[in-house]
Amino acid sequence: MQTTDDLLTSAPRIPLSQVIKFATDVSRAMSYLHRRCKIIQRDLKSHNLLIDSYSNIKVCDFGLSRVAVFNKGGKDADADADADAESG
């Protein structure tokens, strides 16, 4: 598999339809990770997006990721704590 960074540096031009497919794949993957797995991928970049032989994007490198803890209102409890720390 190659990374999207490899593709961006080697291909002279990527068709718009392919760019839209890649963006959709990344969006769906991030939504799945966040909603179903409660994982926040905090290092999303082209080096961490793999392209398989069918041109599907696979998100990788979860070294900086964390599991989200949500309060009753559905908000990220850690984000609320960060906001309180910044304002206080």
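Colleague: By about how many helical turns are Asp25 and Lys21 separated in helix H2?

Modeller: As a general idea, helices (H or I, at least four residues) and strands (E, at least two) are DSSP runs, numbered from the N terminus. In this case Asp25 and Lys21 are four residues apart in helix H2, and therefore about one helical turn separates them. Keep in mind that this is a predicted model, in which local features need pLDDT of at least 70 and side-chain atom pairs count only at pLDDT 80 or more, whereas totals for chains, interfaces and linings use all residues. Residues are numbered from 1 along each chain as its sequence is written, and side-chain values use heavy atoms, with hydrogens and water left out.

Colleague: What do the side chains of Asp25 and Lys21 form where they meet?

Modeller: They meet in a salt bridge, with 2.8 Å from N to O; the term stands for a side-chain nitrogen of Lys or Arg within 4 Å of a carboxyl oxygen of Asp or Glu. The structure holds one such bridge.

Colleague: Which residues make the nonpolar surface patch?

Modeller: A patch is built from residues with over 30% relative accessible area and no salt bridge, where nonpolar side chains (Val, Leu, Ile, Met, Phe, Trp, Tyr) are joined within 5 Å and like charges within 9 Å. Here Leu16, Val19 and Ile20 make a nonpolar patch of about 280 Å², the accessible areas coming from the Shrake-Rupley method with a 1.4 Å probe and, for residues, only the protein chains shown counting as cover. Ile20 is found in helix H2, which covers residues 16–35, and with a relative accessible area of 48% Ile20 is partly exposed. The chain exposes about 6,300 Å², of which carbon and sulfur atoms supply 54%.

Colleague: What pattern does the chain follow when read along the sequence?

Modeller: The pattern is β-α-α-β-β-β-β-α, built from three helices and five strands.

Colleague: In what order do the strands of the open sheet of three strands stand?

Modeller: Two strands pair if DSSP finds at least two bridges between them. The order is S1-S3-S4, with antiparallel pairing, and the edge strands, each pairing on one side only, are S1 (2–3) and S4 (57–59). Strand S3 (residues 49–51) pairs with S4 over three bridges, and Leu49 stands opposite Val59 in S4. Helix H2 packs on the sheet, where it touches S3 and S4, and its direction makes about 35° with that of S4; such axes are lines fitted to C-alpha atoms, for helices over the stretch in contact, and the angles run from 0 to 180 degrees between N-to-C directions.

Colleague: With which residues is Thr4 in contact, leaving aside its neighbours within four places in sequence?

Modeller: Contact means heavy atoms within 4.5 Å. On that reading Thr4, leaving aside the neighbours within four places, is in contact with Ser46, Leu49, Ile51 and Ile57. Thr4 has its place in helix H1 (residues 4–10) and is buried, with a relative accessible area of 9%. The C-alpha atoms of Thr4 and Ser46 are separated by 5.2 Å although these residues are 42 residues apart along the chain. Among contacts in the chain between residues at least 6 apart in sequence, 51% join residues at least 24 apart.

Colleague: Where do Asp52 and Ser55 lie?

Modeller: Asp52 lies in the loop between S3 and S4, and Ser55 has its place in the loop between S3 and S4 as well. Asp52 is buried, at a relative accessible area of 15%, and beyond the neighbours within four places in sequence it is in contact with Met1 and Lys58. Ser55, although not a glycine, has a positive phi of about 65°, and at 27% relative accessibility Ser55 counts as partly exposed.

Note on methods
Buried < 20%, exposed > 50% of the residue type's maximum accessible area, 1.4 Å probe, protein only.
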